[in-house]
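Open the model in your viewer and keep the selection tool at hand. We will go from stop to stop, picking a few residues or elements each time.

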Amino acid sequence: YSDLLRALFGRVTITRLVKEEVAGRGERPGARELDMALREGWIRVAPTPMDTWAFEHIDAGEASTIALAAEHPGP
């Protein structure tokens, strides 16, 4: 799936929380692929926005992604 994601979007930004959810807890599905994408530079990591905590009823990774998108409207 990473080839498709890269082909469709070119560069992808995730939050530090999302990176930690995928790669920070041992060998989780996608951890190896994420590490490779980070080394290749087409996935980059942004700081977790402060507004993340305004979305208290959803998972922190999803909340941080919504907060980051709200800070950077557009594609």
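Is Thr15 buried or exposed? Thr15 is buried, because its relative accessible area is 0% (buried means under 20%, exposed over 50% and partly exposed in between, with a 1.4 Å probe and protein chains only).

A word on the model before we go on. It is a predicted model, in which local features need pLDDT of at least 70 and side-chain atom pairs count only at pLDDT 80 or more, while totals for chains, interfaces and linings use all residues. Residues are numbered from 1 along each chain as its sequence is written, and side-chain values use heavy atoms, with hydrogens and water left out.

**Stop one: around Thr15.** Select strand E1, residues 12–15, and you will find Thr15 in it. Helices (H or I, at least four residues) and strands (E, at least two) are DSSP runs, numbered from the N terminus. Now show the partners of Thr15: leaving aside residues up to four places away in sequence, it touches Val45, Ala46, Thr48, Pro49, Ser64, Thr65 and Leu68 (contact means heavy atoms within 4.5 Å).

**Stop two: H2 against H3.** Select residues 16–23 for helix H2 and residues 31–40 for helix H3; their axes come within 8 Å and cross at roughly 135 degrees. The axes are lines fitted to C-alpha atoms, for helices over the stretch in contact, and angles run from 0 to 180 degrees between N-to-C directions.

Show side chains here: Lys19, Val22 and Ala23 in H2 meet Ala31, Leu34 and Leu38 in H3. By class, this contact has five nonpolar, no polar and one charged residues (Ala, Val, Leu, Ile, Met, Phe, Trp, Tyr, Cys and Pro count as nonpolar, Asp, Glu, Lys and Arg as charged, and the others, Gly among them, as polar).

While you are in helix H2, pick Glu20. Glu20 is partly exposed, with a relative accessible area of 42%. Draw a C-alpha to C-alpha line from Glu20 to Ala31: they are 9.5 Å apart in space and eleven residues apart in sequence.

**Stop three: Leu5.** Move to helix H1, where Leu5 has its place. Leu5 counts as partly exposed, at 33% relative accessibility. Which residues does Leu5 touch, not counting residues up to four places away in sequence? Select Gly10, Val12 and Trp42 to see them.
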